[in-house]
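Here is a short briefing to read alongside the model. Take a moment with the view below, then follow the notes topic by topic.

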Amino acid sequence: ALRGSFALKVQKENQSSQYHLQPHATFKVAVLGAAGGIGQPLALLIKMSPLVSALNLYDIANVKGVAADLSHCNTPSQVLDFTGPSELANCLKGANVVVIPAGVPRKPGMTRDDLFNINAGIVRNLIEAVADNCPDAFIHVISNPVNSTVPIAAEVLKQKGVYDPKKLFGVTTLDVVRANTFVAQKKNLKLIDVDVPVVGGHAGITILPLLSKTKPSVSFTDEEIQELTVRIQNAGTEVVEAKAGAGSATLSMAYAAARFVESSLRALDGDGDVYECCYVQSDLTELPFLASRVKLGRQGVEALITSDLQGLTEYEQKALETLKPELKASIEKGLAFAQKQT
Ligand code: NAD
Ligand code: LMR
């Protein structure tokens, strides 16, 4: 089961056999693109984690002030700033988790794929540095189009001889967060209880909420399923339009990314009960990458949860088949981009 974030570890403190709630700050997290709309609130949320001992913030500009500001919070992690490519290697050395929200966001009228030309190169360069400096880290890719940037990252890591498919993740937590929120609102459920797995990818119809697998078990009318599915698929665009040119989701994204970071840290810390949906290398379908629920462990993906894709409703099965060609094309576009560079 999913637990609340910011878990505290109960530790035996001394010989007097008294137990205290103690933070267990041992992990180093690097955020690349840390001065941006997502990067800043994400860095704040990571700064609140009792599991983090070092928070390294990297951007091409404006990161000094963000780090100075955050460093005054009286939480365990030490915050350091790194500006520009010459400081990237030092930012990454020793990192356990690297989170990448670097790149341009959408404006109204754009698809996520319209960001490919700029963001593909940014992700490629950052992943090259990750490969050179912290090849064992969990890598969380937020930069869009995630459906393509994760295959780019995989290919770059392969070229560098350090690809571990269990440690490369496209962050799709926001789709789950949205699905949980919208379902709870529609069905009058307690938010904390609701968990909807979201599979496929992270763009338009490739985002497939499996409403039939909602926990607690809920029944939906056909109209509710259609309405909720479309709302979850278009939620990013809903925010892009509301921001009217000032970018895309940043605060809810930071919240979602912080949840995924915390889950990863708990898994690294030995918690044996950590499950998240994310976009990973997969053999659940014929596509080489797919978002699905996974079990996280110290080595990354411990298992893909196959049961979510079994016993789908006719609506979900059809939607899964419909999304495959688009997702396949986005994967191939990413792979081709990374292969062309060699
Ligand atoms: P933003 O423009 O506010 O911030 C991006 C930051 O990246 C900036 O600070 C910029 O200086 C930095 N940057 C640019 N090039 C860089 C490089 N080479 N190295 C390091 N940093 C670099 O954008 P944002 O709103 O924070 O969004 C960032 C990305 O996240 C976009 O691609 C957006 O589409 C994506 N996004 C993904 C999800 C998701 O669910 N996966 C959700 C929201 C946004
Ligand atoms: C989102 O889902 O909010 C992000 O992918 C940003 C976007 O462009 O919609």
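Predicted model: local features only at pLDDT ≥ 70, side-chain atom pairs only at ≥ 80, totals over all residues.

Turned away from the buried side of helix H2 is a face that carries the exposed residues Gly65 and Ala68. Residues are numbered from 1 along each chain as its sequence is written, and chains are lettered from A and ligands numbered from 1 in the order in which they are written.

**Helix H2**
- H2 spans residues 63-70, and its buried residues are Val63, Val66, Ala67 and Leu70.
- They lie on the same side of H2, because they cover an arc of only 95° around the axis; the arc is that of the directions from the helix axis to the C-beta atoms.
- Packed against these buried residues are helix H1 (39-47), strand E4 (52-59) and strand E5 (78-83), where contact means C-beta atoms, placed from the backbone, within 7 Å.
- Helices (H or I, at least four residues) and strands (E, at least two) are DSSP runs, numbered from the N terminus.

**Helix H5**
- H5 (residues 146-159) is largely enclosed by the rest of the structure, because twelve of its 14 residues are buried.
- Among the buried residues are Asn147, Ser148, Thr149 and Glu155.
- The partners of its buried residues include H4, strand E7 (138-141) and helix H10 (314-340).
- From first C-alpha to last, H5 reaches 20 Å, close to the 20 Å expected at 1.5 Å a residue; the expected span is 1.5 Å times one less than the number of residues.
- Just after H5, Gly161 takes a positive phi of about 75°.

**Ligand surroundings**
- Of the 32 residues around ligand 1, the nearest are Gly33, Gly36, Gly37, Ala102 and Asn144; a residue counts as near if its C-beta atom, placed from the backbone, lies within 6 Å.
- Helix H4 (residues 116-133) gives the most to the ligand 1 shell, with three residues.
- Around ligand 2 the residues include Arg106, Arg112, Asn144 and His202.
- Helix H8 (residues 235-243) gives the most to the ligand 2 shell, with four residues.

Technical notes: Buried ≥ 20, exposed ≤ 12 C-beta atoms within 10 Å, placed from the backbone. Contact = placed C-beta atoms within 7 Å.
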